Structure formats: C-alpha cells, structure tokens
Amino acid sequence: QDVLERPQQAHPGDEVFTEAVNATLQDERAKAHTEAAQEPHMFFELEEVTRWIQNISIHKASLRFPRAAIHNDQPLGRRLCWLLLNLFLALGVVPSAWMREISFIRKRGPQIVTDFKNLRPISYTDELQTLFDLAWLQKCRSILEAYVGSEQSGGRYDSVLISLGILIALQTRRNLSLPTFCLKADLLQGYDLAWKSAILLHTRWAGIKGSLWLCLDSSLQQDTFRARYGPLVGPAALVLAAGLGQGGRRAVHLFGAMARGIPDQLRQRIIGIAIGSPWRLLNKLQVGSRSSGNVQPDLVATLVSLCRLGPDYGELPRSILNNVTVDTALLTLDVLATNTLLISQFVDDIFIFQSTMWGIHRACRALEEFLRLWKHRFATGPRKVALMLVSGQQLNPGALPSLDNTLIEGASSITVLGPCFDRNLSFIPLLETIAARLVRETALLCVNLR
C-alpha cells in the first residue's frame, strides 16, 4: 500500500504539458514500431551473452530461482538465455510474469526493529530479468551517458571523487576571496516518484530507438511488484503512472535521463560560478572593495562588452566602475570565465553553485519549473534542502528563498555525498563527528569488557 500511495506525493504537473507529452509518446511508439521492423532479428551475440552471464554475481538474492540457475557452464542453458533475450527484443515486449519483490533491510537503529523508519526497502528481480536489464544497459549505456551530460555522475563515478571535485572548486574560489553559495537539494523518494512518461520521452530524446525503446516501454507499462516481510508475501500489484524499480541494472541511468530536465531548466536562467578567474580581470573589478547591492543586469552586459574588447579587458571607465555592486562584479566574472560550475548531480542528490543570492533565487524558480513539468518533489527538512555560503558574510535570514513552498534554511555545514563540509572548509564538524563516534564505541567496548 505504501508503494502504491507514494506516487501521489508527486507534483500534479501542468495539464497542457502532460497532454502534449502523452500525445508525443503515441507518435513515438508508432515510429519505434517502424524502426523495429527494419532491425535485424538477432541483437546480441552468443559470446556477449556468455560474458554478461559470467559478470553476474551469484551471491545476490533473486526473486524466484537463484542466480546460479543462469550462471552454469552448460552450453545449452546459455544458448537458451541468448535466444530468449533476442526473442524479447524481436517482439518488442518483455514477459508479463516478470515482477520485482520489495523487501526490507535494517538501515539503522537496533537489531530489533521498533520503528519502520529504520527500514530501507530494496527490490529483487527474476534472474533472467536481471540478465536482460544488463544486456539492455550494455546496448544503451553510452547513449544515455552522453545524453545526461557531465553534470550527472550517478552510475558512472565514485561518490568520493565527486566530493573531492566539489571541495577543490570551493577551495579555489575561497583562495581568491570569492563567495560561493552552495544549495543542496534531494529529490523526494527519487525512484518512486519518477514519472514513467518522462522516462520514456527523455530516453527517446537521448536516441534510443526501435526494439530497445519498445521493450523499455513494455517493462514500464507492466511494472508489477509484490511486498515481502520475512516469510510473508503480499499479492501482486501494478504500478501505473510513476515509479521506477530500484532492483534493475538500468535504474540509475534511466533516472539520470529523467533528471536531465534540471540542468536544462537552470541553464535557461543562470550561469555557473567562475573557476580560475584571470588575475587581470579580478584586479580590474576589485570585488572585495565593492558595495553591497542587487545584481544590475544592464550593467553586467555593459561590463562584459567592454571586457571583451581586448586582452586587458578593455578600458573600464571609472564612472561605470563606481556604480558596480559586488553582485554585479561577481556575475560579470561568471559570464567571462572560461570554466564554470553550475550543478553536480549524483542520482537524486543535487548541488547547485552560485556566486550571488540573486542567482540562488533564480535557481529555485528553475527547480520549481522542473517539478511542474516533470511531476516530482523535493524532500523537505534541514538535512534535505540547505543553503551554505562559503567564504563570505553570514547569510541574511530575510533574504533566503523558498523551494517547493518550503523556506530554505541557512546552514553552517552540509553533507556532500558522505563528507561534511563546513563554510570555512576546515572540516571541524567532520572531525567532531568522528571523535564523538570514537568516544561512543570506546565506552561500549569498556562496558563489554567489564
């Protein structure tokens, strides 16, 4: 019941846009059938399927039979798997008997579970469905990764590398005394609220065609699940409008394709922070000596035009420089920078970087437009949505924006995919957390040794 009710938390969306998406998908299905009719009947080579079977771990749980059932060395069994995978694509459908089973593992808290919030749902799939997901992803991985762009790192890079990259960018600007606003947001129950029509449309835009796209359409339209709690198994139910099974190999890439709408909306309204601004331009604008004030878009355009006149950034009249506010100077640096950083995504975790509060307000409006069009929500609460200012004055509570009808709270530290970054990049909160845990574990050890 919880799985069926979760999609109801999604944004209701825009009725006109929803109708346009549904109409477009009808046309795309007709085109995909035409493309499939011209494709070869054998999509996978036997050697490919054999290699993929060998890469599947037999130690993970499966829905019906153990994964070892398809991991044997019998030539006839592997040839049967090879023929079935090609048959699914030739027909453009997947078996209706496939489903995912949702079970629970203890995420935190005591061994004896007394609070259901301490349980984390995970999904299991059929052993043959696992192989088909892997085969499908191998054919579509490069297409999807090229579509989602460098902003999305989920399923591609380790989270530690992303945290390290963000840290280097923040430290670079801090060394130049340039302020950086870091907005952290988390899509609410990302997979469960993913609009299926959005996934289909974005994968079509990515360039997935013919039978590969029709099989994806088939699997999303007949997404059946059942819940298991210990030995108890519930009845099978169909997830209709929203929801993406987390047990599949391709789930991360499919979710990333849908989340491509976030950077698209941001680029229409703002630009990222400057990374490695030229010293000559920094000396010309003298950001640190500017008076506070709002961004002056017309003056930014004038400054950009003058700075692009020559290698010395043109002649900047003192009459103009005297009227430049600090936010205007910062935005000018962002526009003229050769390298910028706007957003970093790790599946459903989002980090947006701006040099001004003006940019943060526009970023929030862009995120809300994404929610309106693609029917999603952001998680609320200080640990889910937070704004931190690095290398600058304290945040003004009266200037903080709202996101999805919730006021964003200012934070002195935020968690970036594990590590905790404080506004001075000193990592003192992280050290305090480690020290506190060490004290707790030592006290527990002392009690057990008595």
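I take a pocket, on a 1 Å grid over the protein atoms alone, as an open set of points where a 1.4 Å probe fits, with protein on both sides within 12 Å along at least five of seven lines; lining residues have an atom within 4 Å of a point. Volume is the space filled by probe spheres set on the points, which are joined across faces, edges and corners.

**Basis.** I am working on a predicted model: local features need pLDDT of at least 70, side-chain atom pairs count only at pLDDT 80 or more, and totals for chains, interfaces and linings use all residues. Residues are numbered from 1 along each chain as its sequence is written, and side-chain values use heavy atoms, with hydrogens and water left out.

**Second largest pocket.** I get about 640 Å³ of space here. Its lining has 24 residues, and the closest to the centre are Phe181, Ser292, Val326, Asp327 and Gln393. Helix 14 (326-336) and helix 15 (357-374) each give at least two lining residues. I number helices (H or I, at least four residues) and strands (E, at least two) as DSSP runs from the N terminus. The lining splits into ten nonpolar, twelve polar and two charged residues. Nonpolar here is Ala, Val, Leu, Ile, Met, Phe, Trp, Tyr, Cys and Pro; charged is Asp, Glu, Lys and Arg; the others, Gly among them, are polar.

**Positive phi.** Most residues other than glycine have a negative phi. I looked up Ser177, whose phi is near 60°. Ser177 sits in the loop between helix 6 (159-175) and strand 3 (180-186). I call a residue buried under 20% relative accessible area, exposed over 50% and partly exposed in between (1.4 Å probe, protein chains only). Ser177 is exposed at 56%. Leu417 also has a positive phi, about 55°. Leu417 lies in the loop between strand 15 (413-415) and strand 16 (420-422). Leu417 is buried, at 18%.

**Arg250.** This residue is in the loop between strand 6 (237-238) and helix 9 (251-258). Arg250 is buried, at 8%. Its side chain makes a polar contact with that of Ser219 at 2.8 Å, and another with that of Asp133 at 3.5 Å. Such a contact is a pair of N or O atoms within 3.5 Å; within protein, one must be able to donate a hydrogen and the other to accept it, and residues adjacent in sequence count only if both atoms are side-chain atoms.

**Cysteines.** I count zero disulfides, taking a disulfide as two cysteine sulfur atoms within 2.5 Å. The sulfur of Cys182 is 12 Å from its closest cysteine sulfur, in Cys420, so that pair is too far for a bond.
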